[in-house]
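Student: Could you take me through a structure, please? I should like to ask questions as we go.

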Amino acid sequence: MKKFGFILLVIVVFALVGCNDKPTPETNAKADQANELTLAIGGEPEDGFDPTTGWGRYGSPLFQSTLLKQDSEMEVTYDLATDYQVSEDGLTWEVTLRDDATFSDGESVTADDVIFTYETAKKSQSVVDLADLENIDKKGDYQVAFHLSQPQSSFLYTLQRLGIVPEHAYTEDYAENPVGSGPYQLVEWRKGEQLIVEKNPHYYGNQPVFEKLTFLFSGEDQALAVAKAGEIDVLSVPITMANQEIAGMKQISLQSVDNRGVMLPYPEPTTNEEGEEVGNSVTSDPAIRKALNYAIDREAIVDGVLNGEGTVAYSSTDDLPWGSSEIAIEDADQERAEQILTDAGWERGEDNIFEKEGQKASMTLYYPSGDQMRQSLSLVFADLINEFGIEVITEGASWNEIEQEMHANPVMMGWGSHDPLELYSLYHSSMQGIDYYNANYYQNEQVDQYLDQAIHASTEEEANEYWKLAQWDGNTGMSTLGDAPWVWLVNLNHIYYVRENIKIGEQKVQPHGHGWPITDFITEWQVME
Amino acid sequence: MKKNMMIPLFLFLTCYVLSFLIKDTISLELTNKNQAPSLSHLFGTDWLGRDMLLRTLKGIQLSITLGVVTALLSTSLGLLLSLLAIVHPYLDRMLSWLIDLFLSLPHLVTLILISFVLGGGFKGVVIGLMLTHWPAITRVLRAELLQLQTMPYIQISKQQGKGFWWRARHHFLPHLFPQLMVGFTLIFPHAILHEASITFLGFGLAAEQPAIGIILSESMQYLSSGMWWLAFFPGVTLLLMMLLFQRFANAFKHHLERDRSYEHYFNG
């Protein structure tokens, strides 16, 4: 009897499994029935949808619109503004607004709202950096003048990122009930589950094709399963899941500056004002830093760890207008790396690891333990470098622990922004130890000077010139050719699955953060017949 | 009888010793990644081309070491506390209360709390496991000791002026030895499974350590892309090892508890 029961159980289990095995995908996606889209691109913003505290840094703010924006070629174009003028001395920026823009509640967007937005953002002292903004003048109902305390070329990028909020509807819970002049308005946000938005009838720009968007915030596995059942139109997946075939969806792999690299502590070991340990006796030697950069085989990492879904990185700004193209090096050149080390007095010890005056070329590389991509990169980096002759011990830790160690030990970090200000934050000596910026305490007077000149340049071209000089001026710089305070490894591609009949058009090089940036041009998405 | 005991033990120890032959860092072969199980890689390879058989054996080694250490510590703690219990009725009441308290809490919850407070890692897990696995054995030992205390020969020994620790060493310990052994063998697999589960949940060993729990939680991300072997073989191996040990423990228990009164007839 017992045996019979067991057999029955087996049959039942198999029958159940069998049922699940055959999903019946609805081949006609929701996209073409009611002009609705379901997106599972993750990245639910914890702080809500308030641009003055950081919403919309990556991609479009969706509910709000900005004064200027970037097109897919990274050229600056107008959005809410119709014109902007920078004064000769670079201190005054006059912006003229379009007069036909309204918020989703029907009120028109005026100079007062712009002034209110910038003042609120300045007061909140969040990720939006407006320290140089002195005051804002109202020149008319649709004209404002921003007065800066010193010329700041990067202000151009602030104008592109800060969504305008309405003065009359900005309440305590604005982050949860955003009202703005963007292409969509919020219908419902169930935290941790989904966000439903619908078309803003008052939007002044290109009318988006899709009436309603639903953003699902589920785990990656769950989203993938739902996508396979034909319920999702746009899905973002991590690179590790990029080998999927999903019926009715095409894979889109977007190039990015979402980079990963090893940050190397720059100074000799010492302590900072807060008593934290700073610097590392091994990585403070420029020969070690350069040897690491030359010995590593970036191509092998792209192929091996990223399955080819990425590009090699030589800087944090590859392929951006302010990135220098001269700084690419020939890597995977162990002979050259060995030469650099021998010239600097390092010799191979008995265990094949380099030594110099009793100091072993050994370091501990930290990575955030929850991040499988960074873990894989760290393990492979360590493996390749150990083979070459520099000992790298990997250690996974929480971000809290890493904050304790990051000034004195190499860390696997990631950056990548559409704002050149990031270069300043990463390499300028005044940013030493501020948040995660310049955590390796890099300092080079000449580079500081170039960075200051870049930020205070009055035109974009001039600024880009200085950004490039800071990387390498033929003599010194912060790139691998110069001081090499980083070993930049790879730029991760961002992988999306998109329903076959949806055309998302040209995308710009994607920034750090996988998900929201794809919504940047959502107003231009089309359904193909 | 002997065979029942020796074969599982032998297999178990072989695996353990084998795992010591593997060097600490398992080499990465990026050209060989994501391989399904084959003859050259019996358990397949992971997303960095590491051989899963080697990783699993390494994980088993860590698990067993951890299991032995915690089982020893918990048993010793249990013995110590149960001895204290018979010193004074007041202590006994306190101990009973403590045992009830710990037994009324789910193991895993207490374990996560303790391990988390201690910052995880090997130390955190060992202390957490020790502090959660002592009550069951302590209760058994305490009952045994209370009964022993009333035995005539103990009473006589006491009347003759033998001190508490003398009695503990010469009367209690030999009597408790089978209980201790059984308790040890029962705690051991329990501890290992608990270690694997809290590590899997992310409160246990660091991601660096080659533990089975780590391997299982890592593989979760790859299950949906069809790489079933990453979770299947390590899980089955862990289960098999536990079953082997359980077999041994059972046989050992029977061996210890066998009725010796007839033995001399057979052995002559």
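Student: What pLDDT does chain A average?

Tutor: The average for chain A is 86, and 93% of the residues score at least 70. Here pLDDT is the predictor's confidence in each residue, from 0 to 100.

Student: And where in chain A is confidence lowest?

Tutor: In helix α2 (residues 31–34) of chain A, with a mean of 50. Confidence in chain A is highest in strand β13 (residues 259–263), at 94. Helices (H or I, at least four residues) and strands (E, at least two) are DSSP runs, numbered from the N terminus. Where pLDDT is low, the predicted coordinates should not be read in detail.

Student: Now the sheet: in what order do the four strands of chain A come?

Tutor: The order is β4-β5-β7-β6 in chain A, forming an open sheet with antiparallel pairing. Two strands pair if DSSP finds at least two bridges between them. At the edges are β4 (81–86) and β6 (133–140) of chain A, each of which pairs on one side only.

Student: How many bridges join β5 to β7 of chain A?

Tutor: Five bridges join β5 (residues 92–97) and β7 (residues 143–148) of chain A. A:Val95, for instance, has A:Val144 in β7(A) as its bridge partner.

Student: Changing topic, at what angle do α7 and α8 of chain B cross?

Tutor: The axes of α7 (residues 164–201) and α8 (residues 212–223) of chain B cross at roughly 40° and come within 7 Å. Axes are lines fitted to C-alpha atoms, for helices over the stretch in contact, and angles run from 0 to 180 degrees between N-to-C directions. The two helices α7(B) and α8(B) are therefore oblique to each other; angles under 35 degrees count as roughly parallel, over 145 as roughly antiparallel, 65 to 115 as roughly perpendicular and the rest as oblique.

Student: Lastly, how many residues does each chain bring to the contact of A with B?

Tutor: Chain A brings 18 residues and chain B brings 12, where two residues are in contact if their C-beta atoms, placed from the backbone, lie within 7 Å. On the side of chain A that touches chain B, α9(A) gives the most, with six residues.

Terms used:
Residues are numbered from 1 along each chain as its sequence is written. Chains are lettered from A and ligands numbered from 1 in the order in which they are written. This is a predicted model: local features need pLDDT of at least 70, side-chain atom pairs count only at pLDDT 80 or more; totals for chains, interfaces and linings use all residues.
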